[in-house]
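These are my notebook entries on one protein chain. I recorded what I looked up, entry by entry.

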Amino acid sequence: MKSTSFTKTRRAGTTASTLQSLLGALLLTLAGGCGPVEEAAPHPPLALDTASVGTSIQGLEDDNGLTMNGLTMNGLAFNGLAFNGLAFNGLASSAFSTWFQESPLTTSLFMKYLVRCAVPAGQSRTFNDGGLTYSWPGSLGLAPSWSGGAPATAAEQQVVTACIAALVNKFGRSVGVSVLGANAQGQLIPYSAAELSMYSLREACFFGNMFTDEGLFVGNDQAPLAPWQSSLRACALEGSDACPPLVHIGNCRDSCTLDPTGTYYTQCTRDGRTYRPITTRLRAQEVVVCGDDICQASESCGSSNRYDDCALDCGPCR
């Protein structure tokens, strides 16, 4: 089953509260086929440029509608993962095994998204647990050194965090998204003029560092939605903390720096720290209005023309 769809593309230590919330939220993702597999068939490689960065129209095409519902998984620790690396044999440490076995379903879901963001397409990472083999394919290759087995650099921690945060939408439903930015070594995720035209609405900037528990942040890259507008991608566009633990920071331009073309953000600053962000864009049809005669998933029954009280589309509440 597909959930939020990326068209573009694309510290470890003790327990971190932000990571706990993220891991718990993954339990309710709509993604399917994430459990143990019997030596799963290899993931078909995507066409890549020489920098091994996924393109705008390839990247993370499915299983990206994460819901952030505030659940926590007490006792889950991120022990050793950032420091041991994500090399082919980097998941063999006792620290990783202990962490994984705390809650295999949750941690396997998390690893699926983590590997997709960090590891290049055409590669995968596997973990054998009590006779079960878990396999997670790469896609974006945002963390080249970490994927090769070295400790995760600060830049890699940040850009992987931004990528995972950008997978979130409030309703866990499929939404096409254009993802813009660069990997930890500054290599651009390729995009085209056609992509920018198709995904014509600026959406959001995502940044932070979940490895160090510095938090996950989102800003809106256009004016917040009007009361009668809504979107499945409401985490940024509502202009409030709609998807905890994502913290809304207001307009991206107040905290982030645009590239020379004005297309994507190259860095964002929060509490005196500078981060590498991911920038997202939407198709125009992903913003809907109360009064279009369709009761959208982002709308509710009611007695007025607000998206969350939309009698025009969803009728009165019974």
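**Entry 1: a polar contact.** Before starting, I noted the term I needed: a polar contact is a pair of N or O atoms within 3.5 Å, and within protein one of them must be able to donate a hydrogen and the other to accept it. I also noted that the model is a predicted one. I then looked up Thr212, whose side chain makes a polar contact with the side chain of Glu214 at 2.9 Å. I located Thr212 in the loop between strand E5 (201-209) and strand E6 (215-220). Is Thr212 buried or exposed? I found a relative accessibility of 18% for Thr212; the cut-off for buried is under 20%, so Thr212 counts as buried.

**Entry 2: confidence.** I looked up the pLDDT and found a chain average of 75, with 72% of the residues scoring at least 70. Which elements have the lowest and the highest mean pLDDT? The lowest mean, 47, belongs to helix H1 (residues 17-26), and the highest, 98, to strand E9 (residues 256-258). I noted that the pLDDT is below 50 over residues 1-18, a stretch with 119 contacts in the model beyond near neighbours in sequence.

**Entry 3: the whole chain.** I recorded nine helices and 15 strands. The chain has 318 residues, and 54% of them count as buried. For the accessible surface I wrote down about 12,400 Å², with 52% of it belonging to carbon and sulfur atoms.

**Entry 4: helix H4.** I looked up helix H4 (residues 104-118), which has 15 residues. From its first C-alpha to its last, H4 reaches 20 Å, close to the expected 21 Å. How many of the residues of H4 are buried? I found that 13 of the 15 are, so H4 is largely enclosed by the rest of the structure.

**Entry 5: aromatic rings.** My search of the whole structure gave ten aromatic pairs. Phe207 and Tyr275 form one of them, a tilted pair with 5.6 Å from centre to centre and 40 degrees between the planes. This pair links distant parts of the chain, for Phe207 is in strand E5 and Tyr275 in strand E11 (residues 273-275), 68 residues apart. I noted that both Phe207 and Tyr275 are buried. Phe217 and Tyr275 form a tilted pair as well, at 6.5 Å and 50 degrees. Phe217 lies in strand E6 and Tyr275 in strand E11, so this pair ties together parts that are 58 residues apart in sequence. I read a relative accessible area of 6% for Phe217, which is buried, and of 2% for Tyr275. I also recorded one aromatic cluster, formed by Phe96, Phe100, Phe127, Tyr134 and Trp136.

**Entry 6: the backbone.** I found a cis peptide bond from Pro244 to Pro245, with omega near 10 degrees. Pro245 is in the loop between helix H8 (234-237) and strand E8 (246-251). I then looked up phi for Asp271 and found a positive value near 50 degrees, in a residue other than glycine. Asp271 is placed in the loop between strand E10 (265-270) and E11, and Asp271 is exposed at 66% relative accessible area. Asp293, also not a glycine, has a positive phi of about 70 degrees. I located Asp293 in the loop between strand E13 (288-289) and strand E14 (305-306). With a relative accessible area of 67%, Asp293 is exposed.

Notes: Residues are numbered from 1 along each chain as its sequence is written. This is a predicted model: local features need pLDDT of at least 70, side-chain atom pairs count only at pLDDT 80 or more; totals for chains, interfaces and linings use all residues. Side-chain values use heavy atoms; hydrogens and water are left out. pLDDT is the predictor's confidence in each residue, from 0 to 100. Helices (H or I, at least four residues) and strands (E, at least two) are DSSP runs, numbered from the N terminus. Contact means heavy atoms within 4.5 Å. Buried means under 20% relative accessible area, exposed over 50%, partly exposed in between (1.4 Å probe, protein chains only). Accessible areas come from the Shrake-Rupley method with a 1.4 Å probe; for residues, only the protein chains shown count as cover. The expected span of a helix is 1.5 Å times one less than its number of residues. Rings of Phe, Tyr and Trp (its six-membered ring) pair if their centres lie within 6.5 Å; planes under 30 degrees apart count as stacked, over 60 as edge-to-face and the rest as tilted.
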